[in-house]
Amino acid sequence: MLSFLFQKFSGRHHRKYVEKCRPIVARINEFELQYQQFTDDQLRAKTDEFRDRIAKGETLDAILPEAFAAVKNAARRLCGRKVVVCDHELTWDMVHFDVQLIGGITLHEGRIAEMATGEGKTLVATLPLYLNALTGKNAQLVTVNDYLARRDSEWMGHLYNFLGITVGCIQQQMHSEVRREMYGRGITYGTASEFGFDYLRDNGMATRKEDQVQRDHFFCIVDEIDSILVDEARTPLIISGPAPIEREQPFTRLKPGVASLVSDQLRLINRLVKEATDLLEKPAVTAEERQTAAMKMLQVKLGMPKNKLLLRLQENPEWRKLLDKTDVEMHSDFNKDELYKFKEELFFTIDEKNHQADLSEKGRTTLRPTDPDAFVLPDLATIFTDIEKDAVMTPEQKDQAKREAQSRYEVVSEDIHALSQLLRAYSLYERDVEYVVQDGKVVIVDENTGRIMSGRRWSDGLHQAVEAKENVNIERETRTYATVTIQNYFRMYEKLAGMTGTAETEATEFHEIYHLSVTQIPTNQPCIRIDQNDSIFKTRRDKYNAVVKQVQEAQLRGQPVLVGTVTVEQSEVLSRMLKRAGVIHTVLNAKFHQQEAEIVTRAGHRGSVTIATNMAGRGTDIKLGEGVRELGGLFVVGTERHESRRIDRQLRGRCSRQGDPGKTKFFLSLEDDLMRLFLQGNLASRIMEGAMVEGEELEHSLLNRSIESAQKKVEQQNFAIRKRLLQYDDVLNKQREVIYGIRNGALHDDRPKGVIFEMIEEELASRLEAAGYGEKGGTSLARVESLVGWLNSHFPISAKVDELANRRDLEALLKELVERIKQAYALKESVEDPAALGGLERYIVINAIDHHWQEHLTEMEELRRSIGLRSYGQKDPLSEYKGEAFRFFEELMNNVRLQICTSLFRSATNRDAFENLFAILSRSASLQGPTAAPTALTAATQVSSEPASTGAPAPAEPEVKLPTITIRRETPKVGRNDPCPCGSGKKFKNCHGAA
Ligand code: ADP
Ligand code: MG
C-alpha cells in the first residue's frame with residue numbers, strides 16, 4: 001500500500017525536487033559565466049582554493065555551486081580538443097546541460113538519479129566526484145565492467161586532470177601496488193566486484209597494513225545501479241580455496257539411483273501424457289473423463305514441469321484452461337490430502353517456481369528397497385531421551401550411542417541434501433541452456449546475458465550434482481576464506497549514490513535496503529519515443545515469424561533495428577531465421593566488452609540489424625546514423641517480456657536518446673516462460689483462449705497492463721527472496737564487522753600485544769570462574785589442579801596448586817596471574833629481535849582469527865543448509881539461524897582466544913612459518929562473484945618481510961581442541977526451564993544444563 005502511494009505521488013515529488021534545484025543551477029551558471037573570464041591557470045587555482053576552504057571548515061554543500069561551475073567551465077575549455085579514450089582519438093564536445101547539473105546535485109546528496117539512456121550520466125558524475133574528492137578522501141565510481149571503468153576514467157580523466165585532480169581505475173589482474181596507487185588518487189573508477197574483492201583482501205587476508213590497498217569508504221556513485229544492486233546482488237563475492245580435508249562425496253554414490261529414478265519417472269510421465277491426450281481427444285468425452293485427464297496432466301506438471309509433451313498439450317487453450325483450473329483447485333487447503341496422494345504416485349515432485357525437489361515414499365522405496373528410512377531424518381530428540389532412560393548402558397556406552405546417532409543424522413542429512421540437488425540437476429538444469437560442458441568442466445551460462453561464467457560455481461552442492469550427472473570430474477569442496485555480499489559492501493559507504501535509466505520500478509527496494517531515494521531527472525530534450533502495444537501469438541514460432549517479417553520490412557526501409565532477446569539461445573534461433581530470410585545482421589556475442597561496445601555503437605546506422613540479449617551492451621550509447629532520423633530512428637524489438645519490468649524498460653530506452661525519434665514493440669507468445677507461469681487463469685488468458693488460432697496475432701492495451709501486473713508479482717517475489725537473503729547475511733555481516741575490527745586493529749598496531757593480553761585475560765577469567773573462584777567460592781582440589789595444569793602448559797609462570805588453592809577473590813587472582821604472564825612475556829621480549837616482535841604478535845592474532853574465521857564461514861554455510869531442512873518443522877528458520885549463529889560465534893571467539901593463549905609463548909620471530917602459510921593461500925585462492933573471472937590472488941599475499949629469521953621452531957598448531965562443534969550444534973536444544981532430557985525430573989537448568 002505504501003509503495004503504491006509512493007508511486008502515485010512520486011511524479012509530483014520528483015517535480016518538486018527539480019524545482020528546488022533550479023536556484024542552485026542558476027547560481028552554478030552565474031559562477032560559470034564569471035569563470036569564463038579566467039585564464040586556464042586561474043581556473044585551476046580554484047581546486048586548491050576549495051581544498052583550503054574545506055580544510056577551514058566550509059561544507060561541501062556551500063562550495064557546491066562554485067565547484068560544479070569550475071567543472072562545467074573546464075568542460076567548456078576542453079571543447080574542440082582531441083582527447084584519447086581507450087586508444088581512440090575523439091573530439092571533446094560536451095558542456096554540462098542544466099538537467100545534468102541537477103543530476104549532479106542529486107548524486108551529491110546521496111540519491112539515485114534516474115536519467116534516461118543517452119542523457120550523459122558519465123559526464124554528470126564528474127560534478128559530484130570532483131566536489132567530493134576535494135575532501136582528500138577517495139571518491140569512487142562503480143561501472144558494470146572493466147572496459148567501462150577504463151573508458152570512463154580515461155574519458156572524464158581529461159576533465160579531472162585539467163582541474164588538477166588525479167583519477168585512476170582498477171582493472172582485473174592488476175597488481176596490488178598498482179591498485180594501491182589507483183585508490184590513492186583523488187577519484188577511482190572500477191567494478192563492484194573488484195572493489196568488493198579488494199575490501200575482502202584488505203580486511204580478511206592482508207597480513208600487513210602495507211598490503212592493504214583501499215583508503216576509505218567515503219563516497220561512491222554506482223553507475224547502472226539497478227544492474228549492480230538488484231541483478232547482481234544475489235551472488236555474494238567469495239574468495240575461496242581448497243578445503244583442508246576432503247570429505248566423501250555422496251553424489252557419486254547416489255547418482256546411479258537417481259538417474260534410474262529419473263527415467264522411471266519419465267516413463268511414467270510419458271504414459272500419463274498419453275492417457276490424458278487419449279481421454280481428451282475422445283469424441284464424446286464425459287465430464288468425469290475430462291477430470292481424470294486433468295489430474296493426469298497435473299501430475300505430469302508436478303513431476304516434470306518442463307516436459308515437452310506437456311508444453312505441447314497446453315497449446316490447446318481449452319486443455320490449458322482445464323489444467324490451470326485443476327492446478328488452482330488442487331492446491332487449495334481443501335484438497336491437501338488428495339494432492340498428497342497424487343504426489344505420492346510419482347517418484348518425486350519438482351517445484352519449478354521454488355526450485356525444489358522432493359522424494360515421495362514410492363521414490364524412497366525404489367531407491368532403497370531394503371531400507372525405506374534411508375532418506376528420513378532420524379528424530380534425535382527422541383533417540384537421545386531413550387538413550388538417557390536406558391538403565392543398562394554405562395555412561396560411556398550412552399555417549400557412544402549418542403555419537404552414533406549423531407553421525408547417522410549427519411549422513412542422512414547430507415544424503416537428503418545431495419539427493420535433492422541431484423533431482424534438481426536432472427529435472428531443471430538442462431545442458432546447453434543453464435550450463436555447458438567444456439573441457440570436462442560444467443560451466444554456468446548466465447541466464448540473462450548468455451555469457452559463459454567460467455570459474456563461477458553454483459553453491460550448496462548443486463554444481464557437484466550437475467558434475468555427477470554429466471559424468472565429469474567432481475571438483476573438491478572449497479573452503480571460503482572471505483565473503484561479503486555486494487549489498488553489504490555498499491552499505492559501508494558514508495555516502496552512496498547511484499544513476500541509471502531504470503530505477504523507479506525498484507524504488508521501494510532501494511529505499512528499504514539502502515535508504516536511497518530515487519529522483520527522476522527530466523530529459524534534456526523531450527522524449528518522443530513511441531511504445532507500441534505488445535503483439536501476442538500462440539506459439540513461439542509464430543512470434544519469431546512475425547519478428548522476422550518486421551525486421552525485414554524495416555531493413556527494406558533502411559530503418560535500423562535492435563532486437564532484444566532474453567537468452568543467447570533465442571538470439572541464435574532468431575539469427576538462423578533471419579539468415580534464412582536473407583536479412584544481414586549482427587549478433588551481439590557478449591564475450592568481450594570492448595567489442596560489444598563497438599557493435600552496439602554501430603547499431604544505429606542505416607539498415608543495420610543487431611540482435612542482443614537484453615542486458616548486453618549496457619553503458620554504450622547508440623547514436624543514429626545519417627538519414628536515420630527521417631526514417632523514424634531506431635526500432636527496438638523485444639522478443640519476450642523479462643521477469644522484471646525494469647529490464648524491459650532498459651531495452652526500450654536504447655532508442656530515442658536526446659530527443660531522437662524511435663519506436664519500440666514487444667512480440668510475445670503463450671509459450672514464453674513468463675506467460676506460462678504467471679498468466680494462468682486471469683483476464684488476459686481468457687481473452688486469448690477464446691480467439692487464438694495458430695498464426696494469428698492479438699493486440700490490445702489491456703493485455704499490456706495485465707502482463708505488467710504479472711511482472712509486478714514476480715518482481716515482488718524476487719524482492720522478497722533478496723530481502724530474505726539479506727536478513728540471513730546481516731547476521732554474518734555483524735560478525736564480520738567484529739572480526740575484521742579486531743583483525744584490522746592488530747594490523748594497524750605496531751605492537752598489538754594489547755589485543756593479545758585482552759584475550760588472555762578473558763580466557764583466564766572464564767577459566768577461573770569455571771574453577772570455582774569468585775563470589776560464591778567453590779573450588780575443589782581437582783579443579784584447581786586442572787587449572788594449574790592448563791596454566792603451566794600455556795604460560796611459563798610455574799603456578800603451584802597450594803598457592804592457588806586458598807585464594808577466593810577472582811579479580812585479585814586474575815590481576816596477579818595476568819601480571820605474571822606479562823612479566824614472563826617481557827622476558828621473552830628481551831631475547832627476541834625487537835624489530836620483529838610486532839610482526840610476531842600480529843601473526844599470532846591474525847593467524848588465530850583467520851584459521852577459525854574460515855572454519856566458521858564454512859560452518860555457517862552448513863548451518864544455512866541444515867536450517868533449510870529444519871524449516872519443515874514449525875519453527876521460524878531465521879530466528880533459529882540467528883540463535884545458532886550466535887552460539888557459533890561465541891565458540892569462534894573462544895577458539896580464537898584459546899589459540900592466542902596457546903601460541904604466545906610457542907611462536908618465535910620466525911619468517912618461514914609466515915611465508916609458508918601465505919604462500920599456500922596465494923597459490924590456491926580463487927575469486928567468485930558476479931563479474932569476476934577467476935584470477936590469481938594478487939593482493940594480500942605478499943609475504944611479510946618483517947619477522948626476521950631466527951631459526952626458532954615454527955609456531956605450533958593449536959593443540960587444544962574443543963569438542964567438535966557439529967556434535968553440540970545438532971543436539972536438540974532443551975529450554976532452560978524444560979525438564980531435563982536425562983529423565984531426572986529436574987528442570988534442565990538445575991540438572992545437566994547447569995552452567
Ligand atoms: P548515459 O550513460 O546516460 O546513457 P552517456 O554518458 O553514455 O549516456 O552519454 C551519451 C552520449 O551523450 C555520449 O556520446 C556523450 O558524448 C553525449 N553527451 C553527454 N552529455 C553531453 C553534453 N552535455 N553535450 C553534448 N553531448 C553530450
Ligand atoms: Mg552510461
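**Helix packing and ligand surroundings**

In helix H8, Tyr-199, Leu-200, Asp-202, Asn-203, Gly-204 and Met-205 meet Arg-736, Tyr-740, Arg-743, Asn-744 and Leu-747 of helix H27, where contact means heavy atoms within 4.5 Å. The structure is a predicted model, in which local features need pLDDT of at least 70, side-chain atom pairs count only at pLDDT 80 or more, and totals for chains, interfaces and linings use all residues. Residues are numbered from 1 along each chain as its sequence is written, chains are lettered from A and ligands numbered from 1 in the order in which they are written, and side-chain values use heavy atoms, with hydrogens and water left out.

H8 spans residues 192-205 and H27 residues 701-748; their axes lie 8 Å apart and the packing angle is about 65 degrees. Helices are DSSP runs (H or I, at least four residues) numbered from the N terminus. Axes are lines fitted to C-alpha atoms, for helices over the stretch in contact, and angles between N-to-C directions run from 0 to 180 degrees. H8 is therefore roughly perpendicular to H27 (65 to 115 degrees). By class, this contact of H8 with H27 has 5 nonpolar, 3 polar and 3 charged residues. Ala, Val, Leu, Ile, Met, Phe, Trp, Tyr, Cys and Pro count as nonpolar, Asp, Glu, Lys and Arg as charged, and the others, Gly among them, as polar.

Helices H11 (residues 287-303) and H13 (residues 317-330) cross at roughly 75 degrees, and their axes come within 9 Å. H11 and H13 are therefore also roughly perpendicular to each other. H11 contributes Arg-290, Gln-291, Ala-294, Met-295, Met-297, Leu-298 and Lys-301 to the contact, and H13 contributes Glu-318, Trp-319, Leu-322, Leu-323, Thr-326, Asp-327 and Met-330. The class composition is 8 nonpolar, 2 polar and 4 charged residues.

For H16 (residues 380-389) and H17 (residues 395-427), the axes come within 10 Å and the crossing angle is roughly 165 degrees. H16 is therefore roughly antiparallel to H17 (over 145 degrees). The contact involves Leu-380, Ile-383, Phe-384, Ile-387 and Glu-388 of H16, together with Lys-398, Ala-401, Lys-402, Ala-405, Gln-406 and Tyr-409 of H17. Of these residues, 7 are nonpolar, 1 is polar and 3 are charged.

Ligand 1 is surrounded by 17 residues, the closest being Val-95, Gly-118, Lys-121, Thr-122 and Lys-623 (a heavy atom within 4 Å). A backbone N or O atom of Val-95 lies 2.7 Å from a nitrogen atom of ligand 1. Backbone N or O atoms also lie 3.1 Å from an oxygen atom of the ligand at Gly-120 and 3.4 Å from an oxygen atom of the ligand at Glu-119.

Key
Helices (H or I, at least four residues) and strands (E, at least two) are DSSP runs, numbered from the N terminus. Angles under 35 degrees count as roughly parallel, over 145 as roughly antiparallel, 65 to 115 as roughly perpendicular and the rest as oblique. A polar contact is a pair of N or O atoms within 3.5 Å; within protein, one must be able to donate a hydrogen and the other to accept it, and residues adjacent in sequence count only if both atoms are side-chain atoms.
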